[in-house]
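Please open the structure in your viewer and keep the sequence panel beside it.

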Amino acid sequence: MSTKTLLYIGKRILLAILTVWIVITVTFFVMHAVPGDPFTSEKALPEAAKQRLEEKFGLDKPLFEQYINYLGDVVTKFDFGPSLKKDGMMVQDIIADGLKTSAVLGLVAAGIALVVGVVLGSVAALRRNKLIDRVIMVVTTAFVSIPSFIMGTLLLYVFAVAFNLVPANGATSGGLILPVITLSLSPMAHITRLTRSSMLDVLGQDYIRTAKAKGVSGVKIIFGHALKNSLIPVITYLGPMLAYIVTGSLVVEKIFAVPGIGRQFVNSITNRDYTLIMGTTIVLATLIVVMNLIGDILYKVADPRINLE
């Protein structure tokens, strides 16, 4: 690996660290600027009880001191503190438990979107302006246009309620089928369209015509030359795709009652559990930053001709 490539990767890592620090800082101060407090409820607490709770969670200290302590705990110990609503539970334990399900959900959805999208995009490009190409383009346009929460509700009604083919509860056996499909449809449609347009561009290049003139088989041209080079835009899309899946899972997990981090995040907002809100926001944002960083590095690996500047 060249020095220039290493410098580029180092620069991207530093930018990723800076981005995560900004997310932590903004999240902390925004949550503390929200009107009210985490102990606000329908039944007002006595002032003495409220003071004891603030002392217990360190909320009686000056704001900047709270920030320094919080930042130090997160960076050095990956400690987001205790949940303000779930007595005796630490935020990082709640997040780790939710990530076990969310990671499976997201990785499977991303894998399906990538494989199916590349295959459909390649088929559409090789059968340009034919019936199958038109059908694929119409279907993918519909999937791109429909928001995930509407698609999820539609799939839930059709396959779980109307025909009772799969479980509606994401916590049961087989319950992740519909959430995975819901999260994968829109990224799959984007990848299909990217692959098709990129493949058509590559198939029109001079080296493809030269390979055909030399008698290279069609299969070797497609899989050895055209497909490899047409995947560069897809690799660029991997970061945003994973970001979409992470953010989309927040609502989808709630719709299908999946016991993942997205559901925990939505519930933490409803319960005004500030430490859990901050912890999940930071973890999800960090995941997105890391995935974008990996996508940038893979982009360079896939095509060394790319100018890193």
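Predicted model: local features only at pLDDT ≥ 70, side-chain atom pairs only at ≥ 80, totals over all residues.

**First stop: a pair in helix α3**

Select Asp 73, which at 27% relative accessibility counts as partly exposed, where buried means under 20% relative accessible area, exposed means over 50% and partly exposed lies in between (1.4 Å probe, protein chains only).

Residues are numbered from 1 along each chain as its sequence is written, and side-chain values use heavy atoms, with hydrogens and water left out.

**The whole chain**

Zoom out to show the protein chain, whose secondary structure comes to twelve helices and zero strands; helices (H or I, at least four residues) and strands (E, at least two) are DSSP runs, numbered from the N terminus. The C-alpha atoms fill a box of roughly 85 × 60 × 30 Å, taken along the principal axes. Of the 309 residues of the protein chain, 40% count as buried. Among contacts (heavy atoms within 4.5 Å) between residues at least 6 apart in sequence, 72% join residues at least 24 apart.

**A second salt bridge**

The count of salt bridges comes to two, and to see another of them, select Asp 133 and Arg 196, whose side chains meet at 2.8 Å, N to O. This pair links distant parts of the chain, with Asp 133 in helix α5 (residues 131–145) and Arg 196 in helix α7, 63 residues apart. Are these two residues buried or exposed? Asp 133 is buried, with a relative accessible area of 2%, and Arg 196 also counts as buried, at 16% relative accessibility.

Stay in helix α7 (residues 177–203) and select Ser 184, which is found there. Ser 184 is buried, with a relative accessible area of 4%, and, not counting residues up to four places away in sequence, Ser 184 touches Ala 109, Ile 112 and Ala 113.

**Two loop residues**

Most residues other than glycine have a negative phi. Select Phe 78 in the loop between α3 (63–77) and α4 (91–126), and note that Phe 78 has a positive phi of about 50 degrees although it is not a glycine. Next select Ala 257, found in the loop between α10 (232–255) and α11 (261–271), where the phi is again positive, at about 55 degrees. Ala 257 counts as partly exposed, at 22% relative accessibility.

**Last stop: a nonpolar surface patch**

Finally, select Leu 15, Leu 18, Trp 21, Ile 22, Val 26, Val 30 and Val 34, which make a nonpolar surface patch of about 570 Å². Such patches are made of residues with over 30% relative accessible area and no salt bridge, like charges being joined within 9 Å and nonpolar side chains (Val, Leu, Ile, Met, Phe, Trp, Tyr) within 5 Å. Val 30, one of these residues, lies in helix α1 (residues 3–33) and is partly exposed, with a relative accessible area of 46%.

Key
Areas by Shrake-Rupley, 256 points an atom, 1.4 Å probe, with all protein chains shown as cover. Salt bridge = Lys/Arg side-chain N within 4 Å of Asp/Glu carboxyl O.
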